[in-house]
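Dear colleague,

Please find the structure below, handed over for your use. My findings follow it.

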Amino acid sequence: MAKALTKAQSDIRYGAIWFVGGLVVTFGTHILARDGGGGPYVIAYGPVIFGAFKLAKGIVSLVSGNNEIDPSSVDIETKSNGMNCPSCNAKISTSTKYCQICGRALGI
Ligand SMILES: [Zn+2]
């Protein structure tokens, strides 16, 4: 079972992917366009800005000690047969007595 990520970890991970991906596309096509005498030059500002924003948000919540779990990082297995936790609203399995995300007793 994969470990659930906190929102901060998830933001940093995906933010870094978008940010680096956008930079690679921007600089990669810039170099190709320059060396190849005017090929297509793609400026991927969108992903870079999106990534930088997400990355910054993740770092801020990490620094501020926010350990909230990102529900989207939780296993599909846990999401599939389900209900929502009345406390944190995460998708949880009906076969458990406690929320896997926040630990709330479910009273089933
Ligand atoms: Zn919960």
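What percentage of the 108 residues of the protein chain count as buried? The share that counts as buried is 25%, where buried means under 20% relative accessible area, exposed over 50%, and partly exposed in between (1.4 Å probe, protein chains only).

Please note that this is a predicted model, in which local features need pLDDT of at least 70, side-chain atom pairs count only at pLDDT 80 or more, and totals for chains, interfaces and linings use all residues. Residues are numbered from 1 along each chain as its sequence is written, and side-chain values use heavy atoms, with hydrogens and water left out.

The protein chain contains 3 helices and 2 strands, in the order α-α-α-β-β along the sequence. Helices (H or I, at least four residues) and strands (E, at least two) are DSSP runs, numbered from the N terminus.

The zinc ion has as its protein donors Cys85 (SG), Cys88 (SG), Cys99 (SG) and Cys102 (SG), which lie 2.3 Å from it. Donors are N, O and S atoms within 2.8 Å of the metal (3.2 Å for Na, K and Ca); water is not among the atoms, so sites may look incomplete. The spacing of the donor residues in sequence is C-x2-C-x10-C-x2-C. Cys88, in the loop between β1 (82-84) and β2 (91-93), and Cys102, in the segment after β2, are 14 residues apart.

Yours sincerely
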